[in-house]
Amino acid sequence: MRFSKLRLTGFKSFVDPTDLVISDGLTGVVGPNGCGKSNLLEALRWVMGENRPKSMRGGGMEDVIFAGANSRGARNFAEVSLQIDNTERLAPSGFNESDNLEIVRRITRDVGSAYKANTKDVRARDVQMLFADASTGAHSPALVSQGQIAVLISAKPKARRRILEEAAGISGLYQRRHEAELKLKGTEANLLRVDDVIEQLA
Ligand code: ATP
């Protein structure tokens with residue numbers, strides 16, 4: 001799976017549709033202060049399912065929508081599309097039917113986020129799992145933002161381990177284990193209730 005293009009529309013400072021073509025190899029983004037370098041990286045995290053406003057440098061998830069500047073009014077929605085070259089067919093099953101995969105996330109004021117994979121509606125969890133399994137998720141160490149190297153050097157062992165797990169592509173397994181544990185707890189609670197009912201009927 002190789003990211004080939006990122007398109008931002010109404011996302012933070014990118015009010016007009018803007019394409020970032022991602023070539024092979026390492027990509028660095030340079031430019032003057034405040035030109036939107038970090039916003040680009042945040043768009044990439046966001047389309048991969050990032051849901052923590054803090055890591056998007058905002059107070060709420062709707063803060064990613066263009067809020068207006070100079071003569072341009074605020075927008076009602078933000079959309080980010082990520083095109084992925086899947087000619088090597090490395091995408092996890094369920095997303096692996098074609099050579100090109102496009103993931104789109106759109107947030108509309110007072111409505112919330114919706115995701116699409118090749119124009120089909122999908123859940124946030126499906127998109128998060130897709131990228132976690134491909135070890136390129138929203139917390140991937142492949143996305144190096146300002147100050148992150150210093151954070152990595154001074155991180156506690158537990159936090160550093162999480163970064164290694166993300167790089168190894170096993171963070172999706174933790175999520176699945178967590179979900180399985182919740183289901184197990186729910187089933188145990190249901191069984192207790194069934195026991196009570198049986199006792200009352202006996
Ligand atoms: P630096 O090098 O100083 O870190 P940068 O190139 O990383 O800067 P960003 O932090 O990506 O720049 O962009 C900051 C700009 O984005 C600011 O001008 C800010 O006003 C603008 N911005 C952030 N959120 C929004 C929003 N929701 N609507 C409009 N503009 C926004």
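Q: Where does isoleucine 22 lie?
A: This is a predicted model, and its chain has 5 helices and 6 strands. Isoleucine 22 touches Phe3, Ser4, Lys5, Leu6 and Thr27, not counting residues up to four places away in sequence. Its own place is the loop between S2 and H1.

Q: Is isoleucine 22 buried, exposed or partly exposed?
A: A residue counts as buried with 20 or more other C-beta atoms within 10 Å, and as exposed with 12 or fewer. Isoleucine 22 has 17 such atoms within 10 Å, and therefore it is partly exposed.

Q: How many Å apart in space are isoleucine 22 and lysine 37, C-alpha to C-alpha?
A: Helix H1 covers residues 37-47, and lysine 37 is 15 residues away from isoleucine 22 in sequence. In space, C-alpha to C-alpha, isoleucine 22 and lysine 37 are separated by 14 Å.

Q: Which strands do the buried residues of H1 pack against?
A: Within helix H1, the buried residues are Leu40, Glu42, Ala43, Leu44, Arg45, Trp46 and Val47. After the helix comes glycine 49, with a positive phi near 110 degrees. The buried residues of H1 pack against strands S1 (2-9), S2 (18-21), S3 (77-85) and S4 (100-108).

Q: Which residues have the most contacts inside the largest nonpolar core?
A: In soluble globular proteins, nonpolar side chains tend to be buried together. Here the largest nonpolar core has 29 residues. The elements giving two or more residues to this core are S1, H1, S3, S4 and helix H2 (124-133). The residues with the most contacts inside the core are Ala43, Val47, Val64 and Val80.

Q: Which residues is valine 47 in contact with, leaving aside its neighbours within four places in sequence?
A: Valine 47 is one of the buried residues of H1, and the buried residues of that helix pack against strands that include S3 (77-85) and S4 (100-108). With neighbours within four places set aside, the contacts of valine 47 are Val80, Leu82, Ile103 and Arg105.

Q: Which residues are the closest to the ligand?
A: The ligand is surrounded by 16 residues. This shell divides into 5 nonpolar, 8 polar and 3 charged residues. The closest are Ser13, Asn33, Lys37, Ser38 and Asn39.

Q: Which residues does the UniProt annotation "binding site" cover?
A: The annotation comes from an unreviewed UniProt entry.

Q: What pLDDT does the chain average?
A: The model scores ipTM 0.93 and pTM 0.78. Of the residues, 96% score a pLDDT of at least 70. The chain average is 88.

Technical notes:
Residues numbered from 1 in each chain as written. Predicted model: local features only at pLDDT ≥ 70, side-chain atom pairs only at ≥ 80, totals over all residues. Near = placed C-beta within 6 Å. Nonpolar A, V, L, I, M, F, W, Y, C, P; charged D, E, K, R; others polar. Helix = DSSP H or I, 4+ residues; strand = E, 2+ residues; numbered from the N terminus. Contact = placed C-beta atoms within 7 Å. UniProt positions renumbered as here; feature names shortened; annotations may be inferred. Core = buried A, V, L, I, M, F, W, Y, C linked by C-beta atoms within 7 Å. pLDDT = per-residue confidence, 0-100.
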